[in-house]
Amino acid sequence: MFFSADHIVKCFEGNRVLSDVSLSARSGEILAISGDNGSGKSTLLNILAGLVLPDTGQVLTSTEPLEAGSTKLPGCHKLTGEVRLLFQFPRLFRGLTIEENVRAGLRDPLRENMLRSILPIPAARESGARFTVQQLLKKVDLTSLSNRYPHELSFGQRKLASVVQLLAGNPSVVLLDEPFAALDGDAAMTLTSLLAENQKAGAIAILVEHDLQHIDALKTPRKFRIEAGRIMPLSERGRS
Amino acid sequence: MDYVLHLAALISLYGILALSLDLMLGLGGMMNLATAAYIGFGSYTYALATTRFMAPPLVAAAISIIATSAIACALSILLTKCSRETFVLATISIQMIFYSAVYNLEATNGSNGISGIPPLAIGSITTMSPVSFTSLCAFCLCLMFGLRHKLASSPFSLGLRALRDDDVAAANLLIRSNRVQPAVTALAAGAGSMVGILIAASSGYIDPTSFVLSESLFVLSCVALGGFESGAGAVVGTLILVILPDCLSLLSVDSNAIFHVRQCLSGILLLSVLRFRPAGLLGSTRGLE
């Protein structure tokens with residue numbers, strides 16, 4: 001699995017927020033992008049997620065091999081739903097319990113198929129889905145809160161619930177917008193281990209983060225910085 | 001006895017409509033004010049198929065339900081990208097267009113309506129007999145209640161409720177509004193059409209005045225009173241709003257004023273519930289902040 005953004009340009013009301021941004025990643029890589037407030041980090045993630053259209057440039061995914069040294073993907077195609085975004089502020093469904101929220105993240109075709117939903121669902125399938133959801137909630141220590149609604153949880157708990165909702169569908173590309181913001185030490189460690197697990201499973205993770213300490217904790221060699229709408233490798237000089 | 005049967009049939013028919021609207025609004029967040037248009041489309045399709053094209057009543061009923069569902073589904077696909085406000089306005093427009101069309105078209109006999117509509121008969125059950133008709137209506141209500149209950153606890157309802165709460169977050173999880181919303185709209189329209197067929201087949205006559213916006217608003221009131229996202233709530237809301245005004249008949253209210261007194265009382269009741277219990281009498285409040 002390969003993922004790339006080619007020559008992305010985005011302007012808002014005449015202000016160029018992103019200038020010719022290109023990046024690519026392959027299975028199991030974590031890309032960490034830092035930048036100041038208003039530098040265009042979130043805009044870039046929204047474009048990568050397909051929620052905002054770039055003025056020029058394109059976002060591509062591919063399952064075909066990438067030639068060494070090439071930034072262009074062979075046989076590439078547009079986004080196919082393999083990409084999921086963790087919003088900066090958790091956007092759980094307020095009328096669904098935490099368990100239902102995570103279950104909504106599973107790739108279950110019945111979520112969209114009314115006729116098949118009316119028919120009896122095989123018990124094994126139902127219990128399999130429940131088991132998966134419970135396992136995910138266990139990882140973030142939310143099992144005891146599975147029947148609560150999002151507004152009954154703290155911000156950090158909602159963020160962790162959002163992460164497992166996202167990972168429930170085993171997406172090939174995970175985009176995370178300031179995932180560590182407002183998380184305490186334990187929650188941040190849980191999130192770091194979830195990302196490491198996701199990386200081992202071969203998924204690509206691209207995250208933008210204001211706090212460089214969290215980026216260092218991820219131990220990824222692929223660190224970037226966005227400055228004045230341009231993306232560049234994060235050097236020691238860039239940290240000052 | 002006939003009065004009680006009439007009341008029971010009325011509750012069943014409005015109950016079906018309230019349950020179908022609850023599927024759209026309570027679970028799906030789609031404020032649909034074209035319920036009367038669905039009923040009317042079902043009625044007119046059945047009436048025209050049986051009187052003009054001499055189709056057997058059961059065949060006409062099947063055609064009517066399929067046609068209403070298909071048209072509602074197609075319209076819903078066109079409206080999936082609309083904002084909620086636009087959706088409400090669009091459904092009011094559909095309602096208005098339907099009323100104007102049947103009122104003015106020669107094919108629907110304009111304001112004179114269509115008479116001589118044959119009854120619907122399934123074995124020994126016929127819409128001509130008050131007992132059979134009420135039983136059929138009650139059976140359809142139970143069927144709709146069961147269907148709503150099954151859907152509300154299915155994975156499909158997760159998709160429906162997710163889209164209701166946050167369509168962008170739902171799209172991020174690959175829950176597509178153009179798959180989910182048209183399906184539930186088609187089901188609600190089919191239920192509306194079924195009610196329309198039962199009305200046409202039992203009375204033998206229909207005219208445009210039965211399918212006006214105030215009917216859609218009445219169904220909405222039933223759901224709002226009983227409680228959103230609650231099947232029992234939809235039925236209880238209907239029960240109260242259908243029976244309560246009829247209790248006035250027992251009081252010595254001037255017969256000319258009775259209609260207006262009913263409207264006022266229903267309005268006051270609805271406003272009181274919305275003020276003191278916004279989720280409705282039996283609606284769930286757990287997900288509300």
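Predicted model: local features only at pLDDT ≥ 70, side-chain atom pairs only at ≥ 80, totals over all residues.
The mean pLDDT of chain B is 91. A value of 70 or more is reached by 97% of its residues. Within chain B, helix α2 (residues 35-51) has the highest confidence, at a mean of 97. Helix α11 (residues 258-276) of chain B has the lowest, at a mean of 80. For the complex, the predictor gives an ipTM of 0.86 and a pTM of 0.88.

Chain A contains an open sheet of six strands with mixed pairing. The strand order is β5-β6-β7-β3-β8-β9. Strands β5 and β9 (230-233) of chain A form the edges, and each pairs on one side only. Neighbouring strands are turned by 20° against each other on average, direction ignored. β5(A) pairs with strand β6 (residues 173-177) of chain A in the parallel sense, over four bridges. In β6(A), A:L176 stands opposite A:L86. Helix α6 (residues 185-200) of chain A lies across β3 (30-35), β6 and β7 (204-208) of chain A. This helix runs at about 145° to β7(A).

An open sheet of three strands is also found in chain A. The order is β2-β1-β4, and the pairing is antiparallel. β2 (15-26) and β4 (56-62) of chain A each have a single partner strand, so one side of each is left without a neighbour in the sheet. Here neighbouring strands are turned by 10° against each other on average, direction ignored. Strand β1 (residues 2-12) of chain A is joined to β2(A) by eight bridges. The two strands run antiparallel. A:K10 has A:L18 in β2(A) as its bridge partner.

The contact between the chains takes 25 residues from chain A and 28 residues from chain B. On the side of chain A that touches chain B, β5 (83-86), α2 (98-104) and α3 (114-118) of chain A are the elements that give two or more residues. By class, this side has 10 nonpolar, seven polar and eight charged residues.

Key
Residues numbered from 1 in each chain as written. Chains lettered and ligands numbered in written order. pLDDT = per-residue confidence, 0-100. Pairing = 2+ DSSP bridges. Axes fitted to C-alpha atoms, helices over the stretch in contact; angles between N-to-C directions. Contact = placed C-beta atoms within 7 Å. Nonpolar A, V, L, I, M, F, W, Y, C, P; charged D, E, K, R; others polar.
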